[in-house]
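Reader: Please take a close look at the aromatic pairs in this model, with the cut-offs stated alongside the values.

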Amino acid sequence: MRFIRSTRCPLFLLTLAGMGAAFAAELQDKPDYRAAQQALQDGLPTIAAIKAGRLMDETPVQSMERQTLATLVVESWIRAKDGVAAMKVIKKEKIANESYWHAQALFLMGDLEAAEKLLTQRVNEDTAPSLERLLLAKISLKNGNTAQARAVILPILKSADTAMVGRAQQISDELDALDGKAAGSGPKELTQSQEATPLLLQAERLILLDQQKEAQDILRSILASKGGGERAHHAAAVLLADSLLHERTATKATEVLVQFLDNTLESEAWSPAFNLLARCLESSEAGLPPPDATVRWISEGNTVQKAALTPLASTSTFQGHAMLLLSRWLVSQVRQLEALGMLEAGFQLHEGHPQSDETMRLALETYSALKLDARVSALTDQWRKRFGSNGSSMVESVSAGTAFKRGDYQQACELFQTAANLASTLAERRSALYNAGASALRGGEMALYQSLLGQLQVASAESTLPSQDGSIDLDLDSALELAAKGRPEAEAELKRITEKQPPHPRAIEAWLALAELSILRVPADFALAEKAFKTAQEWPNISEAQLQRAITTRLWQLDRQGQLKSLTEVGAEFLTRWPTSVQAALVRMKVADAFFRLENFASARTEFELVAKNHPASSYADTALYFAGMSALSMMSDEGRNAAIMLWQEVAEKKGPLSIPARQQQALAKRRAGQEADALKLMDTLLAEKNLSEELQRSLVCEKAEILMLLGKEDVLQLTAAINLLQTALREDDLSYKWRARIGYTLAVALNSSGRGLEALEACYDVVKSTGFTGPTDPSEFRWFYRAGFFGIELIETQKQWEAAARLAETLAQSKGDRATEAKERATKIRLEHFLWDGK
């Protein structure tokens, strides 16, 4: 555990002084050098070492630039606590401040005697700078030679360098604390203004060294003093309980925690304290029951909160912690139903609680263990809404244009497709399809883009403007053309025409256009659409074509309203009444689409295949076959998957706009079926195609790499091939951030699978802290930014580098995406659990 965040400055800056500013300036022009420096400042020294080492190997031997880089590599490995790696570079390269780094490496390798001998000689020769004196003092302190440690830091304490004085003072404070204990006088009491940090650090170190009695003496002295501040007292209480638990005295640890929790009005240490209390209850010591105060905590808060004259906001937070504590204990006692009742109450009563993520996780695990899948599914949806996810639902009322402008291309594409489905005129449909295609292209949805492109080509070929014959009423024609162009004044003009008395001879056309416009509006005016549709049904002498148009418009209305079952019924009636209508293919496509969205995949497949069979020359034929394959695959059966592959083969052989997406789907289907080798062959065939767009080519590269990674589970050479493929792709000069992020994240997963965890972390870091990157701007960029970032946090946590993990989470939290709050909570959780408090 760490209680105070380290404020150490990067030592590398001090080594540049003797090298000349010109060399440093030249290196600053190199992106990899700047990235290595940034990684070191971000608390990721292993990444800095890898980057600087790679750059060093490319730099001429004996050059000053190489010496600068070698020094940075050594410092990075020292900060990563890898003395062996640092020593390899020291023995091979010329570095600045060689004695200091050499001693640091020896210290990390455990050769304290050699390190002390080297530094003592430098001090005796009066050639040791402050950094070397500080290091010697630390080594002397570790060896118990407190007298030498004091003598070494004395000149630093008298110097004018405030940064060095502060660091020397910390050692001096620790020496004072140790001397007090050794003299038998007990730990010194803190004054009001005295900083408790050194004592907390010393106690923490003693706990890790399993010197619990000494640690507890220090912690009790802090608790008994009036100085140090509230945070220090809270931290000391939790650390004292932790020390007692290390001694396997869970009962005493519980007493300390209950005393602390029952007497704090508000504290940032509640989360770690309750977590530690849960550990006490779950320990092997005779199965402790929850404290007697737990029920009271749940109902009315702790003692000081209950005594408050007015209700406190902190009471609800405290009650939530207590409910989670009791839930954990109930689960450990195999009383899952009681635990679930408590967890469900927690959801309702304490929404937004600091540990709501833990509450949700525990509930999911418990429901899953009981095989209550329906509730698991419901909670999963809540989880995605709470913490954000790429599959969350879109807000329908937001206009497509606004979504596109702000970079939300996924939502814009969905809304533009809705507009295209609702359009009755080719001009409107063509415009909407174009915008949907542009959104899909920006969002990286290439299969969807190809489908929209095919529909757009057909719509453009069939487009004609309304007739301008003199026998047509120019007033009506003008209003209809305004509607066709989507002009905002069209609705008012159409209403004016429908209100004329006596009715205009062709007012039925105005009513139909008005119905279409009312559905296209955001938000839609369904009441006006209903009125227009009813008027059209009752219109005398309405033609068959006009009635078909009215019913077709009715289908779009039902679609927009989400009444998919009614849509399939109205569509079936249309097809029964007019099986050979020119609108039959369109109506059947709409019915098939509704079945697909209702997840009635068998009916959807039938309808899609009927479109292709009955209307082979229709513009919808290829699209119908393509989605018939999607429907078959969605049936989750071997027969369905094989049928899908055959249907996509038929689409591919037509060489139309959907040919390549169909072959891509074939490869993905074979991949899902475990036929990775066949899928890989298909991917290679696709990548050999000429005239592939850059977007599609890069998408295929990523998918090929993923297939190679699957094959790599059995054949390490395939995993190596995936890594090489992705590394080659990353070297392209014109990669947009979206592709650098997606390829970088995939590379990180591949590297981690091959046991190259540090390189995997570097790949994640490069995505989040990409050189020249100002932050993600659209959902596709955010998707890979967050995936790489959270994966990087997991990799850092496996190395127990909590400060670096918290910093990376805070970097994600500074973004404007839908997982920024999750990242902020993750950073807070790491800092609280590991006592990374900044003391502000």
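Author: A residue counts as buried under 20% relative accessible area, as exposed over 50%, and as partly exposed in between (1.4 Å probe, protein chains only). This is a predicted model, in which local features need pLDDT of at least 70 and side-chain atom pairs count only at pLDDT 80 or more, whereas totals for chains, interfaces and linings use all residues. Residues are numbered from 1 along each chain as its sequence is written, and side-chain values use heavy atoms, with hydrogens and water left out.

Tyr786 is buried because its relative accessibility is 1%, and Phe790 is buried too, at a relative accessible area of 5%. Rings of Phe, Tyr and Trp (its six-membered ring) pair if their centres lie within 6.5 Å, and the planes count as stacked under 30 degrees apart, as edge-to-face over 60 and as tilted otherwise. The ring centres of Tyr786 and Phe790 lie 6.3 Å apart with the planes at 40°, so this pair is tilted. Tyr786 and Phe790 are 4 residues apart in helix H43 (residues 779–798), and therefore about one helical turn separates them; helices (H or I, at least four residues) are DSSP runs, numbered from the N terminus.

The structure holds 15 aromatic pairs. Among them is the tilted pair of Tyr626 and Trp648, with 6.4 Å from centre to centre and 50° between the planes. This pair links distant parts of the chain, since Tyr626 belongs to helix H35 (residues 621–634) and Trp648, 22 residues apart from it, to helix H36 (residues 638–653). Both Tyr626 and Trp648 are buried. Elsewhere, ring pairs join Trp270, Phe274, Trp297 and Phe318 into a cluster.

Note on methods: Helices (H or I, at least four residues) and strands (E, at least two) are DSSP runs, numbered from the N terminus.
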